[in-house]
Amino acid sequence: MLRLSIKRTLSMLVLMTVFTSHASEFVLSERCPPSFDLDEQGKCRLVTRYQWYTSVQDRGVGGTRTALPAHRDGFTPAQIDLGRLLFFDPILSKDGSVSCASCHQPEKGFSDGLGKSVGIQGKRGQRSAPTLWNVAFLDRFFWDGRANTLEEQAAGPLFSPVEMGNSPAQLLSTLNQDPIYVSLFKQAFPDTDGIALESVYQALAGFQVSLISLNSRYDRYAHGHHNALTQREIAGMNVFRSFVARCAECHQPPLFTNNQIAVIGVPEKNGDPFDAGAEATFNAKKLRGGFKVPTLRNITLTEPYMHAGNFESLEESVEFYTKGRGHAVPENETLQLHWHIWEPNLTREEVLLIVEFLGTLTDESLIPAIPDKVPSGRSVTQALQVQSTLFTDSQARTAQGEE
């Protein structure tokens with residue numbers, strides 16, 4: 001009996017030693033991410049040069065020196081850092097194969113390079129993965145605008161059967177059985193017992209709010225450094241903002257989105273069924289085929305474009321707008337196109353100038369560090385690479401009639 005007791009004690013000591021060694025690898029940051037200052041309450045507050053400007057209706061409407069709309073911040077450094085670990089950890093998916101970062105890859109503008117994203121087991125989604133840059137300024141999420149907060153948005157992919165495929169019960173069970181995560185959540189949410197879904201959502205939201213991209217060459221030009229852009233890029237900006245092209249009426253600087261729903265008449269790709277978009281969200285026939293106006297920040301990194309990857313290049317995307325109002329609407333569809341969509345009849349040169357200008361909106365200066373390891377011990381690298389592998393396998397199975 002004594003020998004058995006000693007054996008059990010030694011086993012417990014070994015387990016405790018292993019846990020301590022692993023746990024010591026994960027210490028949540030006490031510092032705010034770049035561009036955020038720590039206030040007296042220990043919360044991270046965003047600081048940008050745009051906050052010194054004014055704006056029409058506080059919506060970011062005006063000239064180049066225009067204030068940004070209201071934004072989310074106020075998360076603690078620990079909550080943001082915990083959200084970073086969760087974002088890259090495949091533990092959040094049902095089978096531990098994909099992470100949030102699988103569809104929102106940092107090097108691809110926090111998108112995935114696919115027209116329609118792929119989730120667990122090669123399951124193909126309905127739409128592309130939108131960028132996460134500057135989501136702190138948005139008040140509507142998903143292409144069809146069905147979520148009003150980042151916390152509400154987080155539940156969508158986590159529990160979608162074609163994305164991460166998890167369930168609330170399994171997610172909580174998995175996390176609460178991981179002693180490292182239990183410890184980290186206690187650090188980030190000291191007033192909460194155990195790990196709650198709300199804490200998971202809040203941590204993910206905190207990390208996403210920290211993804212700020214406001215230091216592009218365009219921004220330096222907007223702040224008065226006129227040599228930041230070439231003459232052709234300035235010419236492209238002037239076409240972009242002109243009453244002929246009217247790009248800036250929906251893609252309003254400085255966010256280059258108005259975060260509203262617009263019906264522009266983009267057809268589906270490869271004969272796919274027509275996507276009703278925001279019509280289903282708001283039960284409004286006038287929004288049939290309507291989708292949220294995406295930001296153009298880091299747009300050169302997020303091809304293909306539109307809600308279903310309809311266009312492979314920026315040039316092709318710009319040309320869509322100049323081909324005429326409603327030119328691509330399916331014959332059996334009657335859509336209430338947005339009034340900004342008309343027939344600008346841009347020249348080939350003007351299209352190319354706009355494309356050159358869009359290249360000035362690239363800024364990855366505050367890109368967060370991808371963790372080398374995550375608390376679950378699963379592979380961060382494999383989760384980042386799984387999209388292309390699963391997509392290829394899914395295509396192969398489809399071709400063989402297995403799906």
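Begin by selecting proline 344, which in this predicted model lies in the loop between helix H11 (314-322) and helix H12 (348-358). Its relative accessibility is 11%, under the 20% cut-off, so proline 344 counts as buried. Leaving aside residues up to four places away in sequence, proline 344 touches Val244, Ala245, Tyr321 and Thr322.

Phenylalanine 311 and phenylalanine 320 form a tilted pair, with 5.5 Å from centre to centre and 40° between the planes. Phenylalanine 320 also pairs with tyrosine 321, where the centres are 5.4 Å apart and the planes stand at 80°, so this pair is edge-to-face. Phenylalanine 311 is buried at 10% relative accessible area and phenylalanine 320 is buried at 7%, whereas tyrosine 321, at 31%, counts as partly exposed.

Select next Phe87, Phe88, Phe110, Trp133 and Phe207, which ring pairs link into a cluster. For charges over rings, show arginine 246, whose charged end sits over the ring of tryptophan 342, 5.4 Å from its centre, and then arginine 146, which lies over the face of phenylalanine 142 at 3.7 Å from the ring centre.

Finish at the second largest pocket, which holds about 260 Å³ of space. Of its 16 lining residues, Pro33, Pro34, Ile80, Arg84 and Pro368 lie nearest the centre. Helix H2 (residues 77-88) gives the most to this lining, with four residues, and the lining divides into 11 nonpolar, two polar and three charged residues.

Conventions: Residues numbered from 1 in each chain as written. Predicted model: local features only at pLDDT ≥ 70, side-chain atom pairs only at ≥ 80, totals over all residues. Heavy atoms only, no water. Helix = DSSP H or I, 4+ residues; strand = E, 2+ residues; numbered from the N terminus. Buried < 20%, exposed > 50% of the residue type's maximum accessible area, 1.4 Å probe, protein only. Contact = heavy atoms within 4.5 Å. 1 Å grid on protein atoms, 1.4 Å probe; cavity = no way out; pocket = protein on both sides within 12 Å on 5 of 7 lines; lining within 4 Å. Points joined across faces, edges and corners; volume = space filled by probe spheres on them. Nonpolar A, V, L, I, M, F, W, Y, C, P; charged D, E, K, R; others polar. Phe/Tyr/Trp six-rings, centres within 6.5 Å; stacked < 30°, edge-to-face > 60°. Lys NZ or Arg CZ within 6 Å of the ring centre and 35° of its normal.
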